[in-house]
Amino acid sequence: KKLGGVSSIKVIPDRIEAGTFLIAVAATGGEVLLKNVEPKHLESVISLLKESNIDIKVIDEDIQVRSDGLNINSSNMETNEYPGFPTDLQAQWMLLMCLATKGSTIKENIYFDRFTHILELNRLGCDISLKDGTASIKGNTKLIGANVMSTDIRASAALIIAALCAEGSTTISRVYHIDRGYDKIEEKLSKIGAKITRKK
């Protein structure tokens, strides 16, 4: 009925950015401490990563993720409203499942047409097909660099992770999409060893 002011407010961490980095480390391999996150907001993601043989430890407001990038178990996934698996991490998860030891499926329950990244991931060597709102993914994919195009914010993140896993170089066009959802993602990834540069 009546609004009042507050002296200060703390903005919560972005669970989609955090989840993207968790999946990136899971896919490429390595060990990273992701600081200043809210693990409770990522419970569905953490649970599925653990199911996929990714070593995850929650330490207060930090998450430690460790992966060899090789022995990834396949896990079927459905997107759902919070606290379910976020639709905004669907494309990134799809890429991770392309690297898993066996096949898997993804059902999109939020945005039924959110699959434009399938064609671009297939250009990099993935084997993904779509039928009736469910993507079928063949695992154990060997990725090869190619020229690909961003189709939306989250597809852009999936393509960057795929490019980091691929042999050879990859050029991603229309990166203005990713800037709407991630702040200087290439700089953050470079700090943990990624070979990634933005072309002027």
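Reply: A crossing is called left-handed if the near helix is turned anticlockwise from the far one by less than a right angle, and right-handed if clockwise. Here α1 passes α5 in a right-handed crossing. This is a predicted model, in which local features need pLDDT of at least 70 and side-chain atom pairs count only at pLDDT 80 or more, while totals for chains, interfaces and linings use all residues. Residues are numbered from 1 along each chain as its sequence is written, and side-chain values use heavy atoms, with hydrogens and water left out.

Me: At what angle do helix α1 and helix α5 pack?

Reply: Axes are lines fitted to C-alpha atoms, for helices over the stretch in contact, and angles run from 0 to 180 degrees between N-to-C directions. Helices (H or I, at least four residues) and strands (E, at least two) are DSSP runs, numbered from the N terminus. Helix α1 (residues 15-28) and helix α5 (residues 153-165) pack at about 20°, and their axes are 9 Å apart. That makes α1 roughly parallel to α5, a label for angles under 35 degrees.

Me: Which residues of α1 meet α5?

Reply: Contact means heavy atoms within 4.5 Å. From α1, Ile 16, Thr 20, Ile 23, Ala 24, Ala 27 and Thr 28 meet Arg 154, Ala 157, Ile 161, Leu 164 and Cys 165 of α5. The residues of this contact divide into eight nonpolar, two polar and one charged; Ala, Val, Leu, Ile, Met, Phe, Trp, Tyr, Cys and Pro count as nonpolar, Asp, Glu, Lys and Arg as charged, and the others, Gly among them, as polar.

Me: What is the strand order in the open sheet of three strands?

Reply: Two strands pair if DSSP finds at least two bridges between them. The order is β1-β3-β2, with antiparallel pairing. β1 (30-34) and β2 stand at the edges with a single partner strand each, so one side of each is left without a neighbour in the sheet. The twist averages 10° from one strand to the next. Five bridges join β1 to strand β3 (residues 62-67) in the antiparallel sense, and Gly 30 stands opposite Ser 67 in β3. Helix α1 packs on this sheet, touching β1 and β3, and its direction makes about 165° with that of β1.

Me: What is the order in the open sheet of four strands?

Reply: That sheet runs β4-β5-β7-β6, with mixed pairing. β4 (77-78) and β6 (128-131) are the edge strands, each with a single partner, so one side of each lacks a neighbour in the sheet. β4 pairs with strand β5 (residues 104-107) in the parallel sense over two bridges, and Met 77 has Ile 106 in β5 as its bridge partner.

Me: Which peptide bond is cis, and where does Pro 83 lie?

Reply: The bond from Tyr 82 to Pro 83 is cis, with omega near 15°. Pro 83 lies in the loop between β4 and α3 (90-98).

Me: Is Glu 120 buried or exposed?

Reply: Buried means under 20% relative accessible area, exposed over 50%, and partly exposed in between (1.4 Å probe, protein chains only). Glu 120, in helix α4 (residues 117-123), is buried, with a relative accessible area of 4%. Leaving aside its neighbours within four places in sequence, Glu 120 is in contact with Val 148, Met 149 and Leu 159. By contrast, Asn 53 is partly exposed at 44% relative accessibility; Asn 53 has a positive phi, near 75°, in a residue other than glycine.

Definitions and conventions
Angles under 35 degrees count as roughly parallel, over 145 as roughly antiparallel, 65 to 115 as roughly perpendicular and the rest as oblique.
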